[in-house]
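Hello,

Here is the structure I promised to pass on. Have a look at it first, and my notes follow below.

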Amino acid sequence: MHYGHANAFRQARALGNTLIAGVNSSDTIEQCKGAPPLMTDEERLITVKGCKWVDEVIPRTPYVMTSEYLDWVIKEYKIDYVVHGDDPCIGPDGRDVYAEVKRRGMFKSVPRTEGVSTTEIIGRMLLLTKTHHVSGTE
């Protein structure tokens, strides 16, 4: 989790009174993205629970919002809508993972935080260089 995720939580929380954050399960992330996340499910849950804008966390949320899951989460948590960043989320079948939510008119998006990405952070870690800290170096 990075400051872009925290900013998304801040923006989502501003849309209502309570923010219930779903944390995708590692297995569904791997199915949809082709690789498991760096942090375990438990580590991600603890991190999201620690965010001051998050009121409650739903563990093992599927990456693709099916009609059945959406019915359950609406009934169980009494949610009014689902919020995600404005970046596209495509499932393994090439479809929008929020298609069902959008079909029901329950989707809201928040602007993605520019200048930060998980992929870029992982790339810097893998390179193990210090040059990104020094201005004007290549």
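A polar contact here is a pair of N or O atoms within 3.5 Å, where one must be able to donate a hydrogen and the other to accept it. Please keep in mind that this is a predicted model.

With that in hand, let me start at aspartate 55. A polar atom of the aspartate 55 side chain lies 2.7 Å from the backbone nitrogen of leucine 19. Along the chain, aspartate 55 and leucine 19 are 36 residues apart, yet their C-alpha atoms are 5.3 Å apart in space. Aspartate 55 belongs to the loop between α3 (41-49) and β2 (56-61).

Which residues is aspartate 55 in contact with, leaving aside its neighbours within four places in sequence? They are Arg13, Asn17, Thr18 and Leu19.

Now to the nonpolar side of things. The largest nonpolar core has 16 residues, and Met65, Val73, Val82, Tyr98 and Val101 touch the most other members. Both α2 (26-33) and α4 (67-77) supply at least two residues each, with α4 giving the largest share, four residues. A second, separate core holds ten residues, including Ala21, Val23, Val48 and Val57.

Back in the largest core, valine 73 is one of the residues that touch the most other members. Apart from its neighbours within four places in sequence, valine 73 is in contact with Ile58, Lys78 and Ile79.

Best wishes

Conventions
Residues numbered from 1 in each chain as written. Predicted model: local features only at pLDDT ≥ 70, side-chain atom pairs only at ≥ 80, totals over all residues. Heavy atoms only, no water. Contact = heavy atoms within 4.5 Å. Core = buried A, V, L, I, M, F, W, Y, C linked by side-chain atoms within 4.5 Å. Buried < 20%, exposed > 50% of the residue type's maximum accessible area, 1.4 Å probe, protein only.
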